[in-house]
Amino acid sequence: MHRQRASFSGLDAGAPELARILTYPRFDEGDYAARLAELRTLGVSSIIPGGDTVVSGMKIAGKGCVGLVVRAMVGKKMCALKVRRVDANRESMDAEVRLHKIANDAGVGPRLYDHSRNFMLMEFAEGASIADWAKDAGKEEARETARSVLEQCHLLDCAGLDHGQLSRLDRHVIVGKKPVIIDFETASTERRTANVSAAGQSLFVAGAVAEAMARAIGKTDRETAIAALREYKRDQTSKGLRTLLDTLGL
């Protein structure tokens with residue numbers, strides 16, 4: 001391995017501390033060398049430790065079944081870099097890239113900048129998970145955020161892309177200047193879309209996000225919310241969305 005080299009913005013892409021991140025969860029010298037070469041083609045100069053997840057002693061932005069997410073510098077821009085796990089259930093990031101592009105074309109998700117076989121380079125979604133953010137949110141900003149999330153979910157419904165994990169909004173929506181839906185690794189164009197339905201359940205029916213939103217906005221009648229979401233599922237049109245938003249007081 002190379003000797004540690006520091007950069008002004010974090011760990012140089014060749015720093016030995018990153019070997020276990022780039023080849024998580026099993027280090028292999030050949031994989032490591034190949035992935036370093038991939039990073040060079042993407043223009044990644046350094047990795048910035050930080051986040052709520054710790055892997056191999058390093059703080060990172062997130063970890064899932066398919067990959068790890070770290071902050072990366074490309075020139076003077078901080079980006080999110082998704083690193084494919086070596087034990088992932090796919091040989092490349094190509095399928096997720098295709099699905100992420102569909103979301104981007106619909107105006108949803110962090111902007112995808114570049115990709116390679118093992119990496120995705122994206123806009124970094126700065127902020128807090130929606131569950132943490134909602135704990136201190138005021139009524140009006142909570143209403144606006146809930147409305148924005150459901151509108152973005154409707155765009156995904158219209159695009160025929162089912163996210164697949166929006167029943168757990170706390171893990172898949174980051175709120176900064178605006179809410180951003182992240183992580184399309186289990187998305188599908190084959191399933192019937194249920195983005196608004198899943199997110200609506202998480203926002204207004206049950207779970208940590210619903211509890212926090214209830215404190216900020218005021219409690220929504222559970223049966224009313226469920227009935228409204230079922231009606232939208234039958235009528236996934238702009239009119240159906242407006243009816244849902246009106247019923248939920250958004």
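Me: How do the axes of helix 5 and helix 8 cross, and how far apart are they?
Reply: The two axes cross at roughly 135° and come within 8 Å. Axes here are lines fitted to C-alpha atoms, for helices over the stretch in contact, and angles run from 0 to 180 degrees between N-to-C directions. Helices (H or I, at least four residues) and strands (E, at least two) are DSSP runs numbered from the N terminus.

Me: What sort of model is this, and which numbering applies?
Reply: It is a predicted model, in which local features need pLDDT of at least 70 and side-chain atom pairs count only at pLDDT 80 or more, while totals for chains, interfaces and linings use all residues. Residues are numbered from 1 along each chain as its sequence is written, and side-chain values use heavy atoms, with hydrogens and water left out.

Me: Back to the helices: are helix 5 and helix 8 parallel or oblique?
Reply: Helix 5 and helix 8 are oblique to each other. The classes are roughly parallel under 35 degrees, roughly antiparallel over 145, roughly perpendicular from 65 to 115, and oblique for the rest.

Me: Which residues meet there?
Reply: Helix 5 contributes Lys139, Ala142, Arg143 and Ala146, which meet Met213, Ala216 and Ile217 of helix 8. Contact means heavy atoms within 4.5 Å. By class, this contact has five nonpolar, no polar and two charged residues. Ala, Val, Leu, Ile, Met, Phe, Trp, Tyr, Cys and Pro count as nonpolar, Asp, Glu, Lys and Arg as charged, and the others, Gly among them, as polar.

Me: At what angle does helix 5 pack with helix 10?
Reply: Helix 5 and helix 10 (residues 238–247) pack at an angle of about 160°, their axes being 11 Å apart. That makes helix 5 roughly antiparallel to helix 10. The contact involves Arg147, Leu150, Glu151 and His154 on helix 5, with Ser238, Leu241 and Leu245 on helix 10. These residues divide into three nonpolar, two polar and two charged.

Me: Changing topic: how many salt bridges are there?
Reply: The structure holds twelve salt bridges, each being a side-chain nitrogen of Lys or Arg within 4 Å of a carboxyl oxygen of Asp or Glu.

Me: Which partner does arginine 117 have?
Reply: Arginine 117 forms a salt bridge with glutamate 91, and the closest N and O atoms are 3.6 Å apart. Arginine 117 lies in the loop between strand 9 (112–115) and strand 10 (119–123), and glutamate 91 in the loop between strand 8 (77–84) and helix 3 (94–105), so the pair ties together parts 26 residues apart in sequence.

Me: Is that pair buried or exposed?
Reply: Arginine 117 counts as partly exposed at 41% relative accessibility, whereas glutamate 91 is exposed at 60%. Buried means under 20% relative accessible area, exposed over 50% and partly exposed in between (1.4 Å probe, protein chains only).

Me: Which residues are joined into a network?
Reply: Salt bridges that share partners join Lys82, Glu96, Asp183 and Glu185 into one network.

Me: What is the phi of aspartate 183?
Reply: Aspartate 183 has a positive phi of about 70° although it is not a glycine. Aspartate 183 sits in the loop between strand 13 (179–181) and helix 7 (195–204) and is partly exposed at 22% relative accessibility.

Me: And what is the phi of serine 56?
Reply: Serine 56, also not a glycine, has a positive phi of about 50°. Serine 56 is in the loop between strand 4 (53–55) and strand 5 (58–60), where it is exposed at 53%.

Me: Is the peptide bond from tyrosine 24 to proline 25 cis or trans?
Reply: That bond, from tyrosine 24 to proline 25, is cis, with omega near 0°. Proline 25 lies in the loop between helix 1 (19–22) and helix 2 (29–42). Most residues other than glycine have a negative phi, and most peptide bonds are trans.
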